[in-house]
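Colleague: I have the file open. Can you walk me through it?

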Number of protein chains: 2
Amino acid sequence: MHARSVGHTDPVPGEGLATSAAQAAELAESIGFPVVLKIVSPDILHKTEAGGVIVDVRSADAARRAFETIVANAKTYQAGARIQGVQVQQMVSGSQEVIIGSDSDPVFGKLVAFGLGGVLVEVLKDVTFRLAPVSREDARGMIEGIAAAEMLRGVRGAEPVDREALAAIIQRVSDLVSDFPEIAEVDLNPVLTHGDGATAVDARIVLDFNPPPRRQQFTQDEILTSMRRIFQPKAVAVIGASAENGKIGNSVVKNIVNGGYQGKVYPVNPKADQILGIACFKSIADLPDDVDVAVFCIPAQAVAGALEELGKKGAAGVVMIPSGFAETGNVDLQRQIVEIATRHKLRILGPNIYGIYYLPQRLCATFCTPYDVKGGVALVSQSGGIGMAILGFARCTKMGVSAIVGVGNKSDIDEDDLLAFFEQDENTKCVAFHMEDLKDGKAFVEIARRVVKKKPIVVLKAGRTPFGVKAAASHTAALAGNDRVYEGVLEQAGVVRAPGLLDMLEYARALPILPVPKGESVVIITGAGGSGVLLSDAVAMNGMRLMEIPADLDAAFRTFIPPFGAAGNPIDITGGEPPATYQNTIRLGLEDDRIHALILGYWHTIITPPMVFAKLCAEVVEELREKGIDKPVVVSLAGDVEVEQAAEYLFARGIPAYPYTTERPVQVLGAKYRWARAAGLL
Amino acid sequence: MHARSVGHTDPVPGEGLATSAAQAAELAESIGFPVVLKIVSPDILHKTEAGGVIVDVRSADAARRAFETIVANAKTYQAGARIQGVQVQQMVSGSQEVIIGSDSDPVFGKLVAFGLGGVLVEVLKDVTFRLAPVSREDARGMIEGIAAAEMLRGVRGAEPVDREALAAIIQRVSDLVSDFPEIAEVDLNPVLTHGDGATAVDARIVLDFNPPPRRQQFTQDEILTSMRRIFQPKAVAVIGASAENGKIGNSVVKNIVNGGYQGKVYPVNPKADQILGIACFKSIADLPDDVDVAVFCIPAQAVAGALEELGKKGAAGVVMIPSGFAETGNVDLQRQIVEIATRHKLRILGPNIYGIYYLPQRLCATFCTPYDVKGGVALVSQSGGIGMAILGFARCTKMGVSAIVGVGNKSDIDEDDLLAFFEQDENTKCVAFHMEDLKDGKAFVEIARRVVKKKPIVVLKAGRTPFGVKAAASHTAALAGNDRVYEGVLEQAGVVRAPGLLDMLEYARALPILPVPKGESVVIITGAGGSGVLLSDAVAMNGMRLMEIPADLDAAFRTFIPPFGAAGNPIDITGGEPPATYQNTIRLGLEDDRIHALILGYWHTIITPPMVFAKLCAEVVEELREKGIDKPVVVSLAGDVEVEQAAEYLFARGIPAYPYTTERPVQVLGAKYRWARAAGLL
């Protein structure tokens, strides 16, 4: 179809068909100059190649001649071509071509896309996506999010295009596909945009009157009630509990008990009287009615029957450890168990998982070893291997954790269910996901946007590359999505994306302890000029800005540093300085309210050894915290091995500090900033 | 100027000026269709805006009409414009615009640039650089190196452009500016390229008959002789040696002695008889004549005098520790000491450095603490802070080191001098540089290309971003260069660029112990499907390819893994497998000569604990090494803290292994591949 309008205004160009040179001139006069003339022929698909387009025609006479040129060209191009005439169109001069579209996706539902037009952009895949409906802010983010965004701000002295008009069209397309689910695809290509307004030149719409149904939804109340009973159960049953060392059903009971869980534990095993001194139930039917959650340690084949029995007990959920479902090709068996569980309003976590830790309850319902360093981060992984890496890293760094959760095949409970719980869980200050796919992108974005206002969400999205996507497909039942789409949708959700596993772990460790920055002015104070350069690079690469230090502040810093030190930013106090120089400059950096975050570059010297620095640094930060000043401070430590102890000392006092790297401290600060911006706090 | 030719062929389009419609038609006939017509008027700069360009004219009649249209448009655009005629030009149809140019740079000399034409590319800064002269291979690398390289390979079914013709033009421009140093700038813009050939449509050349002189050069023999005496001295003097604890002149003597240096040590101090039991000299004049290198621990003001005295002793070099030169603004003092040293053929390392370690000599001529884990990597840093980070990281990871060198202000000795020594030093298997700038890009590229054939060079280039460049400028006397230029030049040099400090350190640790891969076929064997996905992502992001496993090999792997495991690549052996499964699949991966490198993803389980895995893995690798099969193997360990011991065990046996990260092992393997490609080994 050829659209006359895509919204409330009429952003399509004035135009008409001329069948003679005289008519072309007349039409051009009535439309207003400049105009563009284009051949209209069912036999000529590629108008430009046929010499069938003349742009920038600026007089009636020129229009007349252009008509004749085009017709002559067309006849030369293809002798027998049927020529219906020449289209005379208002020329949108100085304009930039963009594409605005919408598509339907089984995971995400209605997606809206924005990109520059042209083949080059196609090559560079410079397109942004969001889920519909998009807010005006989302639409602006899409326009700013393309790599070539500068094009639209006016390059080489050109007038900037009307980005608000583009945002309005994006929003209207989004409204259209949201209001009419049967619109499967929209393609406005090209949209010409210029200094004032934007014009859709061509539009294509595809309809589908049988859109796929959205998967079953629970209300937020239902979800939260179930999740609370799963994370904070009064009674836990272990189905397939075992007295035999090395069995999963033995490890789970042992970990629940040794982990210090204070609620009731009900082992179920038809052949045992007691396990680890706890009385055993012969069958699920024998269980009391107060079971909140059951941990399944039985083979896949036995699950369906056990679920039917458990359903009658009114439990809220199952921690489904066994494998042998969709991940090994048994898709039907998985579908069947979800059907049974849904019928009983039982929620399934898994199958194919290591279990669940919830530290405030001292609950370690897992076959891995217990973990007990309580803290602010909840970590969720789709893979057991990654779960073990989380556990090892946590133990090694003494990372404070609220929960560790395996979601495995995500047959039922997924990220949005967990977020409903973590949102209201006061023990959780930050949520980190290892994710190979999303089952319901729309639900995730909806709840993530809400949660992000309160606490950061970190996402490691595996399967970013074609190789990774292929590996994900062989690993789980999941169809890993196009990374560009995930990129846009995760951006829209407001989450902080981690580029790799170790990054996710480091973000999870640092974000809960870093205070929220109150502004964008970042200052580097360094004893090592070389670190200052690398830290500055890292600031730029992590989307932050070094503050331009005002003259009075510069002068104030200069009173503390040697005359050959460099004020400005980084503030290079130089390498041979005593503790007082670090102390004075850090204190000034914290006290001056124009500065919002500090990055410290320590250089190991005899004059200020690592632990002396660590102690003075922690002392100043603590002193200011007591006065109500709590800014993010991160530290890069360049020095001999003693700096490792200094890093540990600082971290334990709420100051993320790292030896041998200038990148990591800036990266975690950058992650905190990305969150603060997404939460609307900056 | 308007170029008629830029080389041996005549790649400019056929063209002529028409002053009447009839002449336009005639010219078009003689040139051949299609043609493009353009207004020629000294008053009209922007031809297209004036409606002064009509493309794709395909007949004499159309040319006639186009002439009239253009003249009419031009008159409308600007009433009084002087119109000299209309240029009729052969139309290079289906063509792509590119830019080829050359520029002169104080650090790099003649640079050649390549990029796509158009404003979008300008926005994306999609340009590659190389130093002239460029080889054909370099030129191809420039064309392949732009982000939009795919455009030139033919997009949307378009014919690929003639990249060899482009490479030829790049080479000819490079030859031109190499042969004629007075050509300061060349700008071929646009060059139109199509399926067959390439045509420079416009050219601009800027001349400069007073090009800056190249800095003083030593012959390779002179450089090597001096460097050998500096790194492998028979006698070391310490000027400003001190008996007082905490003084730099005391630390240096102490470190030389305690480090185990076996040559002669001559402390010089007018007031002391002996220092640490070694007889002291009252003055430099009193020193014996066999001094190879002197370590200066005296204030900046005393350096010039001391150099004059030392010059008479025939020493080869000075390790110039003191600061207070160019880095604090005393540019003249620095110039003066270099002048004195050059007069005496004394080479200066520094000033403003921590000193030099050369472990094969047990030489620790530095005020930092000694280091004694001998190994294959030489590390060079421009900053003292980074030097300390190198030392700490080395000690923490037991990294095997041949040398650690501070170059500080690089007043004289720089990277290319050091490379001359490390090239022929059998103790050094890999060289890693922390670099804020280059003093002589051409010299660096020349020697680096040669060294890279034998051993990898790693470069951490600080000052990549505008912030970093600014910080570098305040930190050293160096003018940090444009990162795009460094990117191209370092690529041309064949070095492996490290994105950050920790990356550089990890490359330095792993590269010397990794064997050279014999081909590009990489295979992942993993116990954790989740690690497999992340490892696959990392493979793609580090420029490697996962091998397509042939059917027979796939079948062979399948005999070892459970039926629900995934062969293909990654080979997912699944999580619950015994040691034998790891062992069999790793052995098969090593034995099959179609596979060139292995990435292992270990998942901590009770069935195969971390140290059991580490031992079996090291055993199989060792077994195959004894049979002459030595492939790169890297390991990602996902598990509880015991994996840290496993990582250490594996690393000590030549298998780079890392806990809690899927990125690092792939990154170091990728670095080895980048080097092997640059060295022409693949």
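**Interface, symmetry, core**

Modeller: The contact takes 99 residues from chain A and 98 residues from chain B, two residues being in contact if their C-beta atoms, placed from the backbone, lie within 7 Å. This is a predicted model, where local features need pLDDT of at least 70, side-chain atom pairs count only at pLDDT 80 or more, and totals for chains, interfaces and linings use all residues. Residues are numbered from 1 along each chain as its sequence is written, and chains are lettered from A in the order in which they are written.

Colleague: Which helix gives the most to the side of chain A that touches chain B?

Modeller: Helix H16 of chain A, residues 529–541, with 11 residues. Helices here are DSSP runs (H or I, at least four residues), numbered from the N terminus.

Colleague: How are the two copies related?

Modeller: Chain A superposes on chain B by a rotation of 180 degrees with 0.1 Å of shift along its axis, RMSD 0.1 Å. The copies are therefore related as by a two-fold rotation axis.

Colleague: Which C-alpha of chain A is nearest the axis?

Modeller: That of Arg65(A), 3.0 Å from the axis. Also, 99% of the contact residues of chain A recur in chain B, so the same surface serves both copies.

Colleague: Switching to the core: how many residues has the largest nonpolar one?

Modeller: It has 412 residues, and Val458(A) and Val458(B) have the most contacts inside it. Such a core is a set of buried Ala, Val, Leu, Ile, Met, Phe, Trp, Tyr and Cys residues joined through C-beta atoms within 7 Å; buried means 20 or more other C-beta atoms within 10 Å of a residue's own.

Notes:
A residue is buried if 20 or more other C-beta atoms lie within 10 Å of its own, exposed if 12 or fewer, and partly exposed in between; C-beta atoms are placed from the backbone. Helices (H or I, at least four residues) and strands (E, at least two) are DSSP runs, numbered from the N terminus. Copies are superposed by least squares on the C-alpha atoms of residues with pLDDT of at least 70 in both.
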